[in-house]
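These are my notebook entries on a multi-chain model. I set down each item in the order in which I looked it up.

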Amino acid sequence: MTIDFIINQFTEIIGNFPVAAFLVACASVGGLLFVLMALNAMVAVYVERKVSAFMMDRLGPMGQGPGLHAGKWGILQTFADAIKLLIKEDTIPKSADQILFKVAPFIIFIGAIIGLSALPFSSSIQAVDLNVGVFYIIAVGSIGVIGIVMAGWASNNKWSLYGAMRSAAQIISYEIPAGLSIIVPIMMSGTMNLQNLIEYQSGSIFGIFPNWIMFQNPFAFLAFFIFFISAVAETNRTPFDIPEAESELVAGWMTEYSGFRWAVFFLSEYANMFVVSGLAVAGFMGGWLSPIPGFLNSPVLGLFWFFGKVSFLIFVMMWFRWTFPRLRVDQLMYVCWKVFIPIAMLNIFGVGIWKLIFG
Amino acid sequence: MSKYFTNIYDTVNTLWTGMRITFRHMMNIKKDNVTLQYPEERWPRPERDIGFELEDYNVIRTRLHVDIDDCIGCFRCEKACPVDCIKIDTIKAGRGEDIPEVAHTGETSNGTKKGFVVSRFTIDMSECCYCNLCTYPCPEECIFMVGGPHSSKHPIDYEFSEVDRNDLIYQFAKKLTPKQRNDLQQPKEKAKA
Amino acid sequence: MGVIQGDQMVLNIGPQHPSTHGVLRLEVMTDGEIVSKITPHLGYLHRCFEKHSENVTYEQVIPYTDRCDYLASMNSNFGYVVAMEELMDIKVCERVEYVRVIMAELNRIASHLLGVGAYGLDVGAFTPFVHMLRDRERILDIFEYTCGARLLYNYMWVGGVSHDLPKDFKKICFKFLDYFEPKIDEYNQLLTYNKIFVERTADVGVLPADVAISYGVSGTNLRASGVKWDVRKEEPYSIYDRFNFDIPIGEAKFGTLGDCFDRYWVRILEMKESIKIVRQALKEIPEGDIFETMPKKIRPPKGSIYRRTESPRGDLGYYIESDGSPVPTRVKMRSPAFTALSCLDEISQGWMMSDVLCILGSLDIVLGEIDR
């Protein structure tokens, strides 16, 4: 919607130049999305370090004393880390595949940022209002695998190759339960358009509970959990972080990357977390609707509700990371193929029967 | 078949218990925090009640210090060191005699009469293994680790890192010029002659 | 037609790795994931302990023994001192015996905390590691109060100990024990019964009892395979025969007997037993002068002795040979972690790469002791 809006304004104010209008709209919205991605990474990294520290009975980054060397309570820590990463020396191993090595981070980055373009931030703020929004986000999420395998191969390092192979297997496998679970909201609301999906969830059950999809149906509740856990597996976070397992593979497929290239990987990991949380919120938790049905709904407040719910899900992802040990590769595959997929299929069947009986 | 379902139930149960524990730790951070924010807060910890004071310690392991005016040159600490980081040189002098030119007092603070002038007393702190074996044999208690029970003689000092390695070789003896060293060895030859 | 066999490749888990407990190089022959042979390469941490001890006097050897097994220095000192006292026929006074037992058992708890925490870290659980280190810091604070040092103490001397217990020691020690005992239950809830952890460690790296005995494995690793053997009960030294404690053995709680989970579980149970011993010792400790049985000069008679004691890693043995002079002729330390590492190849046949690191972590080795 926002791109259409900007194109219209451009045509009204300046004149009928369709190509120029398109380019200006895309560039500005793309720039805004990039800024959102960068801000998200900064805030998310700081929150992750603080949350992990508090769970471990320590304080995390704290800046104090003369000169406030990292901002009060360490707020500027991520900013300082970003500057450090930008001025680091760019080392590429001589026996690495030069072209693939340089291109790999950007493919992952592209996969993450174009997923952001279909998320409904509010009833009137969305980069593009696609008619197949859900399908588009799921499809675009697989682009990252190519980048990971390229990175692992191009590093010319046995450990990186290990990590890349495991990651490819993991991401491709976990797309299936994620896709099957996201079918449940589509079945219940009858549309793949994200804005319509959210509008379907307005109203209330019994007058007090919000009419979110995850509350309408016990099978939908189960589908939300399956989707969320598969999403955690897709973003390579613990307990599924075998590809970048720190204590086994040093840093997995990212071992040879340093400086700015590593910063791009990092940025895309947090952007991926944002995208899958955004899809879970839009599909199951009511998107930009407020939790009190009927009140406090407006285009501006909708932005606030959306970001609040997404932040809560990102916090839960961090909570998982610092509590659980990691699964072994074959156990990961067992969980996906033998536990999640049967439950996801059962969900689809159950939701169909429910809708038939209860309408 | 039933094992499949008990597995799933066990998993969800135990994972949820674990998550509750970390959440509780996160919420109680103000009470449970164990970080000492150096350099604003220095050890010993000001507020955490560990129940004992620095001065009540039996012994403390920090850098070594020698009160050179009390040293009688008996070489016991040099022999006791397992890594040979103490090096001492002495020149024979009259028993109990004060030699003001090199600021040498004839008696220690405990009343023992000295028979040697200590011309070199170096401790290489980069080799020291902080085992404390050199402090026990000293009859005058002039070599000790600073702080703790010896805070009255020398306050605690644990921030003694240096930039250059040679700065870690501590010299405790008074500096003697070659002429002074010669003069001190002279009386022996005069007595012989 | 036959099984498809991939090519074997040699993978180097190098000397620098976040997960080897020290500097250890493992040369692993694998076909991608399944391991077929492991060759450990040692010697990166060799510091000539046994050669040094031929050139320094008997009391100067004690700081060197500290540095071999640096996580359990009190127990390394204890082993040497017990061997020397048997060689010289010295009987120390009662207070010294009790002080030594208290210190050795507290150090056993500290060493097991680090071993178990680092094992959790290898498996991917970051938070229990930090919690266990936090509790270990309290034990190190107690040691600092007594002898000034936090890791390498030089505390147990031939014929006594270097410093007497400070005046508030009983109160502080009881406070710590009361704080620590419920923490073990918290660790159990957070890590031990966690289904992911159980799946990772149960049935993995099974060490059968006969294989363990044939390799010479001792200590926790042997007890986890079901053999009830503890040097403190079989050949009691010091005053261990006066205390009332059990020997926990592996009980195949979630898998087969002798797997990684059993080794981990036995360490947790041993911490509880050590707490029992410390409580009993603190109640019964008599007053006395710790310096009354300390010899002025250490000149053992001509002869040799081999004596073993129970360190947290296993069966720690010292062979000391003397010819009457103040400098020993030969000191040899028999390291229990060395034998534990030697059975790594046998028990990790057929497991995956992630499991190899899991098994290595469960053996709880310390490279300082292996390489001396």
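Which residue of S5(B) does B:Ile123 stand opposite? I looked up the pair and found B:Tyr170 facing B:Ile123. I note at the outset that the model is a predicted one.

**Entry 1: the sheet of chain B**

I traced the strands around that pair. Strand S3 (residues 116-124) of chain B runs antiparallel to S5(B), and three bridges join them. The open sheet to which they belong has three strands in the order S2-S3-S5 (chain B), with antiparallel pairing. I recorded strand S2 (86-92) and strand S5 (169-171) of chain B as the edge strands, since each of them pairs on one side only. From one strand to the next, the twist averages 15°.

**Entry 2: the sheet of chain C**

I counted five bridges in the antiparallel pairing of S1(C) with strand S2 (residues 25-30) of chain C. Opposite C:Ile13 I found C:Leu26 of S2(C).

**Entry 3: chain A as a whole**

I listed 13 helices and two strands in chain A. The radius of gyration of chain A is 21 Å, close to the 21 Å that the globule rule gives for 359 residues, so chain A is as compact as a globular protein of that length. I noted the span of its C-alpha trace along the principal axes as about 60 × 60 × 45 Å.

**Entry 4: the two domains of chain A**

The assignment divides chain A into domain 1 (1-61) and domain 2 (98-358). I found their centres, taken over C-alpha atoms, to be separated by 19 Å. The contact between them draws 16 residues from domain 1 of chain A and 18 residues from domain 2 of chain A. On the side of domain 1, the elements that give two or more residues are helix H1 (2-13) and helix H2 (18-55) of chain A. H2(A) supplies the largest share of that side, 13 residues. I sorted the residues of the domain 1 side by class into twelve nonpolar, three polar and one charged.

**Entry 5: H2(A) against H11(A)**

I examined the packing of H2(A) on helix H11 (residues 260-284) of chain A: the angle is about 95° and the axes are 9 Å apart. That angle makes the two helices, H2(A) and H11(A), roughly perpendicular. From H2(A), I listed A:Met37, A:Ala38, A:Asn40, A:Ala41 and A:Ala44 in the contact; H11(A) contributes A:Phe266, A:Leu267, A:Tyr270, A:Ala271 and A:Phe274. By class, the residues of this contact are nine nonpolar, one polar and no charged.

**Entry 6: contacts between chains**

I looked up chain A against chain B and found 14 residues of chain A in contact with 14 residues of chain B. H2(A) gives the most to the chain A side, with three residues. That side holds nine nonpolar, three polar and two charged residues.

Methods: Residues are numbered from 1 along each chain as its sequence is written. Chains are lettered from A and ligands numbered from 1 in the order in which they are written. This is a predicted model: local features need pLDDT of at least 70, side-chain atom pairs count only at pLDDT 80 or more; totals for chains, interfaces and linings use all residues. Domain bounds come from an automatic or database domain assignment. Two residues are in contact if their C-beta atoms, placed from the backbone, lie within 7 Å. Helices (H or I, at least four residues) and strands (E, at least two) are DSSP runs, numbered from the N terminus. Ala, Val, Leu, Ile, Met, Phe, Trp, Tyr, Cys and Pro count as nonpolar, Asp, Glu, Lys and Arg as charged, and the others, Gly among them, as polar. Two strands pair if DSSP finds at least two bridges between them. Axes are lines fitted to C-alpha atoms, for helices over the stretch in contact, and angles run from 0 to 180 degrees between N-to-C directions. Angles under 35 degrees count as roughly parallel, over 145 as roughly antiparallel, 65 to 115 as roughly perpendicular and the rest as oblique. The radius of gyration is taken over C-alpha atoms; the globule rule is 2.2 Å times the number of residues to the power 0.38.
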